[in-house]
Each structure stands twice: as structure tokens, then as C-alpha cells.
Amino acid sequence: SQVSFEEESQNPPAVGHWKPVMPSKGDKEEPESGCQDAGGVPEPQSTEQLNMSRLRSSSVEIREKGSEFLRDELHKAQKELKLKDKECERLSKVREQLEQELEELTASLFEEAHKMVREANTKQAAAEKQLREARGKIDMLQAEVTALKTLVITSTPSSPNRELHPQLQSPSKAGFRKGHGRNKSTSSAMVTAASQNVPPEPVSRECKEVDSILFAEFQAWKESPTLDKSCSFLDRIYREDVEPCLDFTKQELSELLRVAVEQNTLTIEPVASQNVPVGKMAAEECGGPKQCALSGLPRTCKHRIMLGDSGNYYYISPSCRARITAVCNFFTYIRYIQQGLVRQDVELMYWEVMRLRREMSLAKLGFYPSEM
């Protein structure tokens, strides 16, 4: 008993001391009051609650301020985005305007370039035509000079040339030297008498009426002009005008001539009567100054043709030249229309085509101007 008393004296019981236990959320206030009533050590629970409430209020404040700041930033970003959209729209309009101006400038430059090319081609064609005419005149002048030289050389004092000295001829021969004086006076007298007896005919004006089928075919061709004879417009003209006009006795040469006219490689030039045909072909095939190469008939040939760059010349009669020239004039005009060189109304162009067709028809029937 003495030992147990000593043990009890060494370990005295703790009266009024509670072992601290972690209270739950719902039991916070009861243990705290119990502890204070029991005489234990008090804890600053009210201060912690105050701090917690302050923390909560400050976090809510920060949250609100942060959300307000984010809203302001969002509004600013939206405003900037709208401004950028407007700027992008303005820049896109500027770009479209620049692209349109660039296209218009390019189109105008191309049109100007084509115009210059057309003018250059027209000038070149005119210069080449003048050159050919000048060469023809030179050939004619050379032939006349040669003929005059021949006449002068053959006239001497002992045996004068009576062609150069008509006063040496007898009056009867002088009157009938060339067969023009008496015939001319007689014919003029007959014409005068006839004109006195026959009443004058009234002058008639030419009337024109557009054929609806031909005009429709020409309008369809004018929308997309081409030299392909498969279209209805050119097919009709080939059948009715071109092929009959270029149909000569020499079929093989006529076919070569038609190809040269279509390809625009035909050359026609005047020649002197003293020239001889140049080329590898025989004189019978090429014709001559007194024989037409296309018809094969004996005719006085004042012109010759060359097909492409072959170097072979073919003598042609005035009638054949009129037929070839009529076809060439038609092809030249439709080439001008195809190239856009004709700036006229559609109906005026149609009547010009009809006029060229009439020339081909007349030439095929044998009518041609006297100067040919």
C-alpha cells in the first residue's frame, strides 16, 4: 500500500485538463465553450472566423474585380476586332479597284497594240501594192523604150521608117494607116443619127431590198467571222460565185489558182508584149503574150500571174484577170471584216458583200472594164 501511495504521489491525476481534440465543423463552438468552462487554455476561434470572413470577402472582391477587368479587356478586344474588320474590308475594296484598273489598263494596251499592228499591216500592204504597181510601170516603160529604140534604129536616111514619118506615105495610105479616122467619123455620124431618131430613155434609179435568208446567214457569220467555207454563208458564195468564177478550161491550173487565192499568195502584174514567160514549164502550158494559160485560147495577154513563190509565170487574158480580180476583191474584204478593220454597220457591210458578188457574177458572164 505504501508503494502504491508513492506511485500515486509521483503521478498525480490531472484534474480539469482536457485532451485537445479536433472538433468537427458543426461542433466547433461547443468544445470551445466546454474548454473555457473547464478551465483549459482558450483558443482564438472568433479571430479565425473573422480572418476567414475577411479572406472570403477579399476573394469575392478580387473575383469581381478580375471579372470586371476581363470584361473590359473583352470589350477592348471586340472593338479592336471590329476596327480590323473595317480595315480589312477597306483594303479588299482598294485591292478590287486596283485589279479592275489593272485589267482595264491591260485591255487598253492590248487594244492599242492590235490597232498599231493593224495599221502597220495596212501600210505594209499599201506599200507592197505601190511597189508592185511601180514595178509594172517600170516594165511597161522599159518595153516602150525598147520598142522606140527598135523603130529609131530601123529608120535611116536611105530607107526611112514610114511608121515614124507618116508624111512620106501616100494620101490614100495615110487615110487608112491605122483604120481609125474614117471609121471613127462614120461611127460617130451613125451614133449621132441614131441618137436623133431614138427617144432618150428615162433614167432609172437602182432599188435594193435585203434578202432575209442571205442577211441572216451574213449576220450569223459576222458574229464569229471565219474563212472556213463549211459555214452556210461562205458555202453559198463558194457554190454560187467563187467556184464558177474560177472554173477555167485548164482544170489543174484552176485548182492551183483557187488555192493561191484562198491563201492570199497570188501575184498579178502587168507585162510588156516583148517579154517571154519565165519558169520551168513549157510555153504551151504557161501561155504567152498571145495565148491565155487558163482558157487556152489565143488572146492578147497584158498581165501574168504567179502562184506563191514557185517562180512560174502564167499569162492571162483580160477576161480571166477580171474574174480573178473580182474573187480576190471579195476575199480581201471578208479578211478585213475578220480582222476587225471594217468599222461599218452590219447592213452596209452586207451590201458591200452583195456588190462584190455581183462583180463576180458579171465577170463570170464575160463583162469587164475596158481598161483591163
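The largest pocket has a volume of about 1300 Å³, a volume being the space filled by probe spheres set on grid points joined across faces, edges and corners. The structure is a predicted model, in which local features need pLDDT of at least 70, side-chain atom pairs count only at pLDDT 80 or more, and totals for chains, interfaces and linings use all residues. Residues are numbered from 1 along each chain as its sequence is written, and side-chain values use heavy atoms, with hydrogens and water left out.

**The largest pocket**

- Among the 33 residues that line the largest pocket, K129, R132, C328, N329 and T332 are the closest to its centre.
- On a 1 Å grid over the protein atoms alone, a pocket is an open set of points with protein on both sides within 12 Å along at least five of seven lines, whereas a cavity is a set of points where a 1.4 Å probe fits but cannot get out; lining residues have an atom within 4 Å of a point.
- Two or more lining residues come from each of α3 (45-154), α8, β1 and α10, and α3 gives the largest share, 10 residues.
- Helices (H or I, at least four residues) and strands (E, at least two) are DSSP runs, numbered from the N terminus.
- The lining comprises 12 nonpolar, 11 polar and 10 charged residues; Ala, Val, Leu, Ile, Met, Phe, Trp, Tyr, Cys and Pro count as nonpolar, Asp, Glu, Lys and Arg as charged, and the others, Gly among them, as polar.
- Domain 1 (50-155) and domain 2 (212-265 + 321-365) each supply at least three residues to this lining.

**The cavity**

- One cavity of 30 Å³ or more is found in the whole structure, and the largest cavity holds about 30 Å³ of space.
- L214, E217, F233, R236, I237, M354 and R357 line the largest cavity; four of the lining residues are nonpolar, none polar and three charged.
- The elements α6 (212-223), α7 (232-245) and α11 (346-365) each give two or more residues to this lining, with α7 giving the most, three residues.

**The sheet and its helices**

- Three strands form an open antiparallel sheet in the order β1-β2-β3, where pairing requires at least two bridges found by DSSP.
- Because β1 (266-270) and β3 (313-316) stand at the edges, each with a single partner strand, one side of each is left without a neighbour in the sheet.
- Strand β2 (residues 303-307) pairs with β3 over four bridges, and H303 has I316 in β3 as its bridge partner.
- Helix α8 (residues 251-263) lies across β1, β2 and β3, at about 75 degrees to β2; axes are lines fitted to C-alpha atoms, for helices over the stretch in contact, with angles from 0 to 180 degrees between N-to-C directions.
- Helix α10 (residues 318-338) also lies across β1, β2 and β3, at about 135 degrees to β1; contact means heavy atoms within 4.5 Å.

How values were computed: Domain bounds come from an automatic or database domain assignment.
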